[in-house]
Protein chains: 2
Amino acid sequence: MSLEGKVRFIGAVESANEVSKIKIFPTYLKGLRNIDQFSHLIVLYWLSLRDNEDERRILSVIPRKHPGAPRMGVFATRSPSRPNPIGLCVVRLLKIEDHGLLVEGLDALEGTPIVDIKPYIPRADAVPDATVPEWTSHGPET
Amino acid sequence: MSLEGKVRFIGAVESANEVSKIKIFPTYLKGLRNIDQFSHLIVLYWLSLRDNEDERRILSVIPRKHPGAPRMGVFATRSPSRPNPIGLCVVRLLKIEDHGLLVEGLDALEGTPIVDIKPYIPRADAVPDATVPEWTSHGPET
């Protein structure tokens, strides 16, 4: 079995705010067809600022933005420092534009490369009663 | 800006069924610390059978398992044929074992490489009222 895979960036965050603009590179624009049939999307992005050996070697962290959190394995956190610097956000789709998407709720900096976009399907993706430790309820969402 | 990133597989699906076993490679086992504080996880995996130029060039599909679906851009489907062959499943965590995890609901074949595991946090990830097109309600969840 191969131990590595190669991701190709399909776009980038053009502007980041409450409403963010995702630019999709021309090669991939056809992949957006009919995406406005969905109200929400799952966006996978590349945490390029963390794409270095030091950050990718980190296996546990204390989530400092969440008072009371104990030391956690990185796979038990949404920390951007992790073996594969892939971030994930559920966003609301506001608008398809000529070269991309306007979305609400994307927690990614301007310039962040986009890896994938998937439609959010509650039947598969919504687990409102999933249980979490108490410390996750303080501080930011993730 | 770089146009590519490299993912390193952190584990693999050891057995696939209603309950699947995810083996985590020894290097990464410390990343699981305290993961059982969460009932559900988001698993990102590498659709290695689709990791070839033909599959990665596909930009639109007709979701055939979903009767009535029109032609959709791949970013508006969960099709495994897409520019970056990354699959995403929300799973229930049943048990931490010595070398990995037992999970329920992982839609990945035996031998599938694992890219990342993240805790499922309803505050960020659950959108029960997200709207979807009617065709998604027939056939499999994704």
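The structure is a predicted model, in which local features need pLDDT of at least 70, side-chain atom pairs count only at pLDDT 80 or more, and totals for chains, interfaces and linings use all residues. Residues are numbered from 1 along each chain as its sequence is written, while chains are lettered from A and ligands numbered from 1 in the order in which they are written.

**Relation of the chains**

Chain B is superposed on chain A by a rotation of 180° with 0.0 Å of shift along the axis, at an RMSD of 0.0 Å. This is the relation of a two-fold axis. The superposition is by least squares on the C-alpha atoms of residues with pLDDT of at least 70 in both copies.

**The interface**

Chain A and chain B each give 65 residues to the contact, where two residues are in contact if their C-beta atoms, placed from the backbone, lie within 7 Å. On the side of chain B that touches chain A, the largest share, six residues, comes from E9(B). Helices (H or I, at least four residues) and strands (E, at least two) are DSSP runs, numbered from the N terminus. That side of chain B has 37 nonpolar, 14 polar and 14 charged residues; Ala, Val, Leu, Ile, Met, Phe, Trp, Tyr, Cys and Pro count as nonpolar, Asp, Glu, Lys and Arg as charged, and the others, Gly among them, as polar. Because 100% of the interface residues of chain B are also interface residues in chain A, the copies meet through the same surface.

**Strand pairing**

Strands pair if DSSP finds at least two bridges between them.

| Strand | Partner | Bridges | Bridge partners |
|---|---|---|---|
| E1(A), residues 4–8 | E1(B) | five bridges | A:Val7 and B:Gly5 |
| E4(A) | E9(A), residues 113–119 | five bridges | A:Val43 and A:Ile117 |

**Strand E4 of chain A**

Seven of the seven residues of E4(A) are buried, so this strand is largely enclosed by the rest of the structure. A residue is buried if 20 or more other C-beta atoms lie within 10 Å of its own, exposed if 12 or fewer, and partly exposed in between. A:His40, A:Ile42, A:Leu44 and A:Trp46 point one way from E4(A), and A:Leu41, A:Val43 and A:Tyr45 the other way.

A:His40 counts as buried, with 22 C-beta neighbours inside 10 Å. Leaving aside residues up to four places away in sequence, A:His40 touches residues of both chains, including A:Tyr120, B:Val127 and B:Ala130.
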